[in-house]
Amino acid sequence: MIPASADAPEAAQSIEGRNWRLTDLRGLDPRVLRDTKPPVTAGFKAGRISGFSGCNQFFGPYTLDRDRVTIGPLAGSMMACDQPRMTVENAVHAALAGMFRYDLSDNSLTLLSGIDSRRHASRMS
């Protein structure tokens, strides 16, 4: 995973205040995520997560505790899309619910659940 910006990479210190592009989600072909336009994104700011989940904008609460993030129930717009986009949408909403341990390295964010399901996101400018 590479930063979306062509600038020199900088060390990530916090998941907050950044927009992340989802690049890998267990159960989805990475090419589907790569080719989704606009890209699937998530941003964390001041206790609120928001982004684009493949078909609709979403938002919800989150809390941080050391290397853990708990994402509350997500809500969002309710536009209907074609089946491939709805498949991505449903997978993203299911994946971004609950408590995760997060890892920041090489400008990438990895969320790990208790069953080691990985969700990767790379930084966007």
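**Before you start**

Residues are numbered from 1 along each chain as its sequence is written, and side-chain values use heavy atoms, with hydrogens and water left out. Because this is a predicted model, local features need pLDDT of at least 70 and side-chain atom pairs count only at pLDDT 80 or more, while totals for chains, interfaces and linings use all residues.

**Stop 1: colour by confidence**

Colour the chain by pLDDT, the predictor's confidence in each residue, from 0 to 100. The protein chain averages 83, and 82% of the residues score at least 70. Now select strand β3, where confidence is highest at 97, and then strand β9 (residues 118–124), where it is lowest at a mean of 53. Helices (H or I, at least four residues) and strands (E, at least two) are DSSP runs, numbered from the N terminus. Select residues 1–12 as well: their pLDDT is below 50, yet this stretch has 25 contacts in the model beyond near neighbours in sequence. A contact means heavy atoms within 4.5 Å.

**Stop 2: the nonpolar core**

Next, show the side chains of Ile15, Phe44, Ile49, Val69, Ile71 and Leu109. Of the 23 residues in the largest nonpolar core, these touch the most other members. Such a core is a set of buried Ala, Val, Leu, Ile, Met, Phe, Trp, Tyr and Cys residues joined through side-chain atoms within 4.5 Å. Here and below, buried means under 20% relative accessible area, exposed over 50%, and partly exposed in between (1.4 Å probe, protein chains only). Elements that each supply at least two residues of this core include β1 (18–25), β2 (41–45), β5 (68–71), β7 (98–105) and β8 (108–112).

Stay on Phe44 for a moment. Which residues does Phe44 touch, not counting residues up to four places away in sequence? Among them are Ile15, Trp20, Ile49, Tyr62, Val69, Ile71 and Leu109, along with Glu16, Gly17 and Arg18.

**Stop 3: the disulfide**

Select Cys55 and Cys81. They are joined by a disulfide, S to S 1.9 Å, and a search of the whole structure finds one such link, defined as a pair of cysteine sulfur atoms within 2.5 Å. The pair connects distant parts of the chain, 26 residues apart: Cys55 is in the loop between β3 (48–52) and β4 (57–65), and Cys81 in the loop between β6 (75–76) and α2. Look along the S-S bond to see a right-handed link, with 85° about that bond. Cys55 is buried because its relative accessible area is 4%, whereas Cys81, at 22%, is partly exposed.

**Stop 4: charged pairs**

Side chains of opposite charge can pair when their charged atoms come close. How many salt bridges does a search of the whole structure find? There are three, counting a side-chain nitrogen of Lys or Arg within 4 Å of a carboxyl oxygen of Asp or Glu.

- Asp29 and Arg31: the closest N and O atoms are 2.6 Å apart. Asp29 is partly exposed at 29%, as is Arg31 at 49%.
- Asp35 and Arg34: the closest N and O atoms are 3.3 Å apart, and Arg34 is partly exposed at 49%.
- Arg66 and Asp65: the closest N and O atoms are 3.8 Å apart. Arg66 is exposed at 72%, while Asp65 is partly exposed at 44%.

**Stop 5: helix α2**

Finish on Ala94, in helix α2 (residues 83–95). Its relative accessibility is 59%, so Ala94 counts as exposed.
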